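Thanks for coming. I will go through one structure this morning and keep to what can be read from it.

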Amino acid sequence: MESLGIIFALFGAVLAALSAGIGSAIGVGMAGEAAAGVVTEDPNKFGKVLILQLLPGTQGIYGLLIAFLTLTQIGILGGSSDITIFKGLLYLVACLPMILVGPWSAIRQARASVASIALVSKRPDQAGKAIIFPAMVETYAILALLISILAVTGIGGLNI
Amino acid sequence: MAVLPMKHIHIYGLKRDRKQVLEILQRRGAVQISDDDAEDHVFQKADISVEKMQLEKQAADIRKAVEILDRYIPEQKSMLDALKGRRELPVEQYEKLRKEKDEIFTAANRLIELSGTISECNADIYRLQTQIEGLVPWDSLDLPLSFRGTKTTAAFVGTLPGEASREELRRILTDQAPEVDAVHVEIISTSEDQTCIFLLCPRSDAGPVENALRSMGFARPSFTSDIPPARQTQEWKAVKLGLEQKRRAAREEITGFSGQRVNLKYTLDVLAIRTEKVEALGHLLQSRRTFILSGYIPEREIRPAESALNRRFDDLYLEFEDPAETEDVPVLLENNKFTEPVEGVLRSFSFPGKGEIDPTVPMAVFYYILFGLMLSDAAYGLLMVLGCGFCLRKFKNMEPGMRKTLRMFFFCGISTAFWGAMFGSWFGDAVKVVSTTFFHKTVTLPPLWFEPITDPMRMLVFSMAMGVIHLFTGLGAKLYQCIRARQYKDALYDVVFWYMLVGGLIVSMLSTEKFADILNLNFILPSAAGRTGSAMAAVAAVGIILTAGRESRNWFKRILKGLYGLYNVTGYMSDILSYSRLLALGLATGVIATVINQMGAMGGSGIGGAVLFLLVFLIGHSINIGINLLGAYVHTNRLSFVEFFGKFYEGGGSEFAPFAFHTKYFKIKEETQ
């Protein structure tokens, strides 16, 4: 029973990388399709639409970040991996913001990116503003990341 | 540092001088010609559409010729070419090119012609190739495909679907047309899809035979020829060869024009200049002997422009006046080398609108700081500094826009290196990983301040403190704007009250033990300070409730609006929280760098391990720089545009767009006709 702790914790870590990664993959893919369409018309817009395509990719990185932090905290990457079942569950819960908000915001951000790519294709001079719209969505991924970071790093010090 | 003051300029002159006047103005590039003077029965604008169309047509031809050259003889381009900027054309070459003008146009036309020939040849060759391939199954037929029989016989040359043998055919024919007996059937070739047959019968039996064949799905070839297939194939091959030669010759001739590329590009530039000049001509008000030109000129350009014009013309009268208060004057910014680079980012938001200050200076300072905090790796920062510094030194002739961008990243790099050193991140924890893996002793580069990953709460507090400073600077800009416009009441209501409210709330929070506990603070403000802060916030809150809705006369409405205005305090909270991205993005860089180093170290300490480490290190860190550079750029923009500008800046000004030389390929000093 005691070893269940590490399983829960690992489950949370892996799920964070997994779900956020899937979300970002879908998002970057969607934006990539739109970007490719624009580049067929005007190859010179490559740089501008590439930035917009990459924006939904950050959630995957945040997921990786949380996964990595958790892995180091629970000792999978060396150190003792003696985690009580409660702590394991806590780690799982701590990963939840990233697990849920990550993929969701990546896909929503991708939709904003697609719209912004359309904007850039028609008004290339407005590229600066076009970047801001998808970046607004990212705020929530960042907030989720923040809570996950604080929670994951905080659990180690608890006495349970 | 500022938005440059603009003046109206009016030039009154004789019509015969108008082209020379325009030429001087275009060369100086100091005047934006405006088009708002109305025509009357004396002064009218010239119709330039014909001339403009002609120029545009010429430019289109030349552009096409350049495209053709680029397609057939691609220019060798390297990544760094974009940094080199437009070349300056030496005067002697310029003179030479002017004389060769007709030749250049002839060359362009010939290029277009040749490209047409090539595409025609391509189409013909393709058609012939399909026909030759279609004729392959007929190769052994010694009669032409068009052969329909003799006086007494009827011939059927064509295909049947599917594979069929001679016997099978004969059997079906006798079934379908029993009355016919004398039929000669020959199978020319068979394949899985079709059988090519030659069938001969007496002319009198042609009807029933044809019907029988039809029922089997007989079809004559889709193309026909009057000579036997084998000879026809040869003939077509000969024609194809001829076409291929023609195509090759055309290509070679195009290659021969490679020397004209420069001339063509130059001509394109000249045409662009002339088009702009003709457009300017269309904006002039002209009477029979005089003209009027109106526009905007930056104040500092007035004296040089005046002296340049007066030196050349005697019969010219210049008039300058201040623009009206309500007018939407074009904006030209002037900043020093440190702050100027972020003008590009500002442009992508919007230039300052009516009555707004140039936000470049505060924006630039915070831009660099925030960017550095987000990327926050000393080695990455140094790489940026070295890369941008090298390009800036090496390519002196860089276009101004590119130079500004590189300079911006140069400063961002300095800041990144600074914060990276503060937080102890050099390619993440590369030093530690390398020393433990390969030298078996642990060496660390300690952070000058603290390591965010081990103390994220501290970093969070720092991020938010940074946010408060950024936002309060934005409010300060608003205060300055209000005072400059002598709107002292607005300054009090919209700025000072908010300073008091937000500042007071922060102070009172910092004096509570609970809050200090959450944030892990190692200090706590005395409770007297907390009480003062609370009182200040309360006064400000009342003030805001009373004044935020001050445009409403109705007191009830006014209070409601005031309460809504006070609700905006949540906006400040979310603005401040928004700066937590400094922590998140900073950690992202560091943690991914750490992951890369750990992955690299997995191969152990042998030679193989070292090679693996090097590979993973190079590829991984390149990707990490790329991704996080993008992230830092985007989110620094966001913090500037949304949080910072949200406090004082709306933009909406149009950029000063002077009448000047706007060339694509060369810098042209002189342009005479």
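Start with helix α13 of chain B, residues 378-394, and helix α14 of chain B, residues 400-423, which pack at an angle of about 155° with their axes 7 Å apart. Before going on: this is a predicted model, so local features need pLDDT of at least 70 and side-chain atom pairs count only at pLDDT 80 or more, while totals for chains, interfaces and linings use all residues. Residues are numbered from 1 along each chain as its sequence is written, and chains are lettered from A and ligands numbered from 1 in the order in which they are written.

Some terms. Helices here are DSSP runs of H or I, at least four residues, strands are runs of E, at least two, and both are numbered from the N terminus. Two packed helices are described by the angle between their axes and the distance between the axes. The axes are lines fitted to C-alpha atoms, for helices over the stretch in contact, and angles run from 0 to 180 degrees between N-to-C directions.

Back to the pair. α13(B) and α14(B) are therefore roughly antiparallel to each other; the classes are roughly parallel under 35 degrees, roughly antiparallel over 145, roughly perpendicular from 65 to 115, and oblique for the rest. The crossing of α13(B) and α14(B) is left-handed, that is, the near helix is turned anticlockwise from the far one by less than a right angle, with clockwise being right-handed.

Which residues meet? On the α13(B) side they include B:A378, B:Y380, B:M384 and B:C388, and on the α14(B) side B:R403, B:F409, B:F410 and B:I414 are among them. Contact means that the C-beta atoms, placed from the backbone, lie within 7 Å. The contact of α13(B) with α14(B) has 16 nonpolar, five polar and two charged residues. Nonpolar covers Ala, Val, Leu, Ile, Met, Phe, Trp, Tyr, Cys and Pro, charged covers Asp, Glu, Lys and Arg, and the others, Gly among them, are polar.

Two loop residues come next. B:S376 sits in the loop between α12 (360-375) and α13 of chain B. Its phi is near 35°, a positive value in a residue other than glycine. Is B:S376 buried or exposed? B:S376 counts as buried, because it has 32 C-beta neighbours inside 10 Å. The cut-offs are 20 or more other C-beta atoms within 10 Å for buried, 12 or fewer for exposed, and partly exposed in between, with C-beta atoms placed from the backbone.

B:F427, in the loop between α14 and α15 (430-438) of chain B, also is not a glycine and has a positive phi of about 50°. B:F427 is buried, with 24 other C-beta atoms within 10 Å.

For contrast, take B:S527 in helix α19 of chain B, residues 527-547. With 12 C-beta neighbours inside 10 Å, B:S527 counts as exposed. B:S527 and B:L583 are 56 residues apart along the chain, and their C-alpha atoms are separated by 30 Å.

Now chain B as a whole. Chain B is divided into domain 1 (1-36 + 287-334), domain 2 (47-134 + 230-283), domain 3 (146-220) and domain 4 (340-433 + 447-648). Those bounds come from an automatic or database domain assignment. How far apart are domain 3 and domain 4 of chain B? Their C-alpha centres lie 87 Å apart.

Where the two chains touch, the contact takes 22 residues from chain B and 24 residues from chain A. On the chain B side, α11 (343-349), α22 (581-600) and α23 (607-648) are the elements that give two or more residues. That side divides into 14 nonpolar, six polar and two charged residues.

That leaves chain A. Chain A has five helices and zero strands, and its C-alpha atoms fill a box of roughly 60 × 20 × 20 Å along the principal axes. Of its 160 residues, 55% count as buried. Among contacts in chain A with a separation of 6 or more, 87% come from residues 24 or more positions apart.

Helix α3 (residues 58-73) and helix α4 (residues 85-122) of chain A have axes that come within 9 Å and cross at roughly 170°. That makes α3(A) roughly antiparallel to α4(A). The contact includes A:Y62, A:G63 and A:I66 of α3(A), and A:M98, A:G102 and A:P103 of α4(A). Its residues divide into seven nonpolar, five polar and no charged.

Last, A:A35, in helix α1 (residues 4-41) of chain A, is buried, with 25 other C-beta atoms within 10 Å. Leaving aside neighbours within four places in sequence, A:A35 is in contact with A:V49, A:L50, A:L52, A:Q53 and A:I117.
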